[in-house]
Amino acid sequence: MTLTELKAAMERGDLSAKDAVAAFRDEYLEDCKHPQPLNCYIEFFDDALAKAEKADAARAKGEGGGLCGLPLAVKDNILVEGKPLTCASGVLKGFTAPYSATVVDRLVSDGMIVTGRTNMDEFGMGSSCEYSIYGPTRNPVDRELTPGGSSGGSAAAVASRMAPAALGTETGGSVRLPAAFCGVYGLKPSYGTLSRYGVVAFGSSLDQIGMLARSPDDIALLLASCSGADRHDATSEESGLEEILPLRPKEIGGVRAALPEEFFGEGIDPEIKEKVKAFASYLERNGAVVEPLSLPILKSAVAMYYIIAPAEASSNLARYDGIRYGFRSDDAVTLEDLYTSSRSKGFGKEVKRRIFLGNYVLSSGYYDAYYKKAQQVRTILCSGLAGVFDTYDIIVSPTSPCTPFRIGEKVDDPLSMYLTDICTTFVNLALLPSLSVPCGKTRAGLPVGVQIVGKRFSEALLLGIAKTYHESGGT
Amino acid sequence: MIDDKTLQSILFLSRLDVSDEEKEHFRKQVGDILDYVAQLQDYETEGIDPDLGKAVTVDRLRADKARPGFTHDDVARFGAHFSDGFFVVPRIIEDFLENRDEE
């Protein structure tokens with residue numbers, strides 16, 4: 001059942017929250033017995049069932065919020081009060097969250113039950129969910145394949161029916177890519193739609209919480225509950241998305257869609273191209289205006305991203321010094337040793353690589369050539385995209401240039417891994433919303449995602465188009 | 001190619017210590033990434049504002065009122081070594097004095 005169906009079943013009295021949580025937990029426990037477990041949950045919380053019972057009692061008294069008793073899985077870099085949080089990193093081993101992220105707080109206040117924390121690439125750095133101290137997450141479609149990253153645990157939990165919905169986070173495509181790889185919906189909201197308070201910072205000008213679910217309605221349900229300005233985050237804004245429910249199918253006639261040539265050329269899997277073009281034809285058949293577009297700067301988005309994100313990460317991750325929280329190395333003699341030893345033993349190789357790269361591009365002598373340059377080109381990108389949205393309502397592209405790859409296939413080739421994000425990073429750089437929509441499978445049975453990007457705070461439009469497509473049965 | 005001096009300097013700034021083998025991986029992999037991002041040099045950026053922040057930060061001021069923060073007990077649970085209300089770290093004064101005498 002989708003989140004929306006669960007909600008309806010609970011409201012009718014056909015299903016209790018306790019039974020729903022127990023079913024998801026049983027699915028998880030059953031998977032743990034598999035010779036190759038999916039490893040999508042780091043921990044399924046022991047108290048989830050008790051909380052579900054309380055939700056049932058509240059509902060019986062006519063209390064509880066609009067999402068009373070609905071289960072939700074949460075990525076291990078979003079704080080849930082009283083629960084461990086590690087960002088899948090050794091450096092945060094032993095840390096317990098002292099408060100909940102605003103987004104979690106709002107969803108729980110509305111009655112949701114956090115079932116557990118999901119696996120991820122360490123500190124959100126990766127595109128495959130392999131860089132985790134808990135080991136890789138596997139793709140439910142084929143366990144030899146990665147689920148995509150970094151929110152691979154959240155996507156796999158939703159796709160394998162271990163959770164009806166999950167929160168992930170994005171810095172360059174980390175919700176949408178796993179959504180595409182696992183065949184579910186993944187929304188990266190506009191920068192500012194959701195508060196980042198209580199999300200472990202990676203790249204502060206790019207980070208956003210995102211949602212993974214099995215229908216556009218489910219994502220709208222979550223968005224309505226947790227969006228809006230937060231006094232703890234000066235970059236959060238009133239987006240009006242609290243009013244998104246009931247999500248209305250969008251009349252596709254008259255929608256103006258642009259197809260950037262840059263995402264349909266060399267390097268894109270021909271079968272993915274075929275599926276995304278089929279989605280574009282669907283829009284056209286239903287009255288949309290679909291036109292090719294050339295915006296060459298889109299091809300440089302990954303280059304901008306891999307300067308700006310590591311630069312911000314190297315600064316954000318400077319706080320992990322072995323002093324105030326998490327892991328501390330035992331064999332340090334001096335204070336300087338303590339910093340270096342704790343960080344060297346606590347961080348994994350991808351995180352170290354990005355800290356190194358970030359400090360390199362920020363260091364004296366390289367700052368202007370790399371970081372400042374990337375930020376200036378980012379400004380050009382944003383202006384170019386603003387121009388596109390003067391003419392078009394949406395941009396349509398593949399979510400990923402490739403189908404899910406094998407576990408271990410790209411771990412020693414970071415540049416190749418980074419290029420997996422070629423269709424998604426421009427969205428984060430330009431602060432836009434984007435939705436990955438399942439649009440069929442390849443002949444080998446692997447899921448394909450189409451990406452719909454809109455103007456800032458146009459989430460209702462993206463979800464409305466997806467709902468229309470979803471209800472039509474797809475292409 | 002990142003030279004030895006720069007490599008050591010950036011590792012020091014990063015407070016990271018890696019094996020010689022890892023250093024060579026870093027040199028190669030980060031070098032590849034820097035070669036890739038060099039494409040940005042092709043853009044003319046003279047006079048372009050690099051600060052996107054002002055477009056997204058809302059001037060939302062909070063009332064200047066003291067509110068409860070974390071208690072010492074809360075902080076002690078974060079996982080670090082904590083005693084008598086303080087973070088405990090290795091001594092530094094003796095090291096500093098010793099190093100100064102040696103110099």
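**Entry 1: A:Gly358**

I began at A:Gly358, which touches A:Pro310, A:Ala311 and A:Ser314, leaving aside residues up to four places away in sequence. Contact here means heavy atoms within 4.5 Å. I placed A:Gly358 in helix α11 of chain A, residues 349–362. Helices are DSSP runs of H or I with at least four residues, strands are runs of E with at least two, and both are numbered from the N terminus. I then looked up the accessibility of A:Gly358 and found 0%, so A:Gly358 counts as buried. Buried means under 20% relative accessible area, exposed means over 50%, and partly exposed lies in between, with a 1.4 Å probe and protein chains only. I also took a distance to A:Gly66, 292 residues apart from A:Gly358 along the chain. Their C-alpha atoms are separated by 43 Å.

**Entry 2: ground rules**

I noted that this is a predicted model, in which local features need pLDDT of at least 70, side-chain atom pairs count only at pLDDT 80 or more, and totals for chains, interfaces and linings use all residues. Residues are numbered from 1 along each chain as its sequence is written, chains are lettered from A and ligands numbered from 1 in the order in which they are written, and side-chain values use heavy atoms, with hydrogens and water left out.

**Entry 3: confidence**

I looked up the scores for the complex: the predictor gives an ipTM of 0.90 and a pTM of 0.95. For chain B, the average pLDDT is 85, and 84% of the residues score at least 70. pLDDT is the predictor's confidence in each residue, from 0 to 100. Which elements of chain B have the lowest and the highest mean pLDDT? Helix α3 of chain B (residues 53–56) has the lowest, at 63. Helix α1 of chain B (residues 4–13) has the highest, at 95.

**Entry 4: chain A as a whole**

I counted 15 helices and 11 strands in chain A. The radius of gyration of chain A is 21 Å, close to the 23 Å that the globule rule gives for 475 residues, so chain A is as compact as a globular protein of that length. That radius is taken over C-alpha atoms, and the rule is 2.2 Å times the number of residues to the power 0.38. Along the principal axes, the C-alpha atoms of chain A fill a box of roughly 70 × 60 × 45 Å.

Buried residues make up 67% of the 475 residues in chain A. I also checked contacts in chain A between residues at least 6 apart in sequence: 75% of them join residues at least 24 apart. Chain A exposes about 15,200 Å², with 48% supplied by carbon and sulfur atoms. Such areas come from the Shrake-Rupley method with a 1.4 Å probe; for residues, only the protein chains shown count as cover.

**Entry 5: chain B as a whole**

Chain B has five helices and two strands. I read its elements from the N terminus on as α-α-α-α-β-β-α. Buried residues make up 26% of the 103 residues in chain B. The accessible surface of chain B is about 7,800 Å², and 52% of it belongs to carbon and sulfur atoms.

I turned to A:Arg25, in helix α2 (residues 17–32) of chain A. Its relative accessible area is 29%, so A:Arg25 is partly exposed. A:Arg25 touches A:Phe44 and A:Leu49, not counting residues up to four places away in sequence. A:Arg161 is 136 residues from A:Arg25 in sequence, yet 9.9 Å away in space, C-alpha to C-alpha.

Next came A:Lys61, in the loop between α3 (48–60) and β2 (71–75) of chain A. Is A:Lys61 buried or exposed? A:Lys61 counts as exposed because its relative accessibility is 61%. The C-alpha atoms of A:Lys61 and A:Gly322, 261 residues apart along the chain, are separated by 48 Å.

**Entry 6: backbone details**

I noted a cis peptide bond from A:Gly149 to A:Ser150, with omega near 5°. A:Ser150 sits in the loop between β3 (113–118) and α5 (152–159) of chain A. The bond from A:Leu245 to A:Pro246 is cis, with omega near -10°. A:Pro246 lies in the loop between α7 (216–226) and β7 (256–260) of chain A.

I then looked at phi. A:Asn39, not a glycine, has a positive phi of about 60°. A:Asn39 is partly exposed, at 22% relative accessibility. A:Cys129 has a positive phi near 60°. A:Cys129 lies in the loop between β3 and α5 of chain A, and A:Cys129 is buried, with a relative accessible area of 0%.
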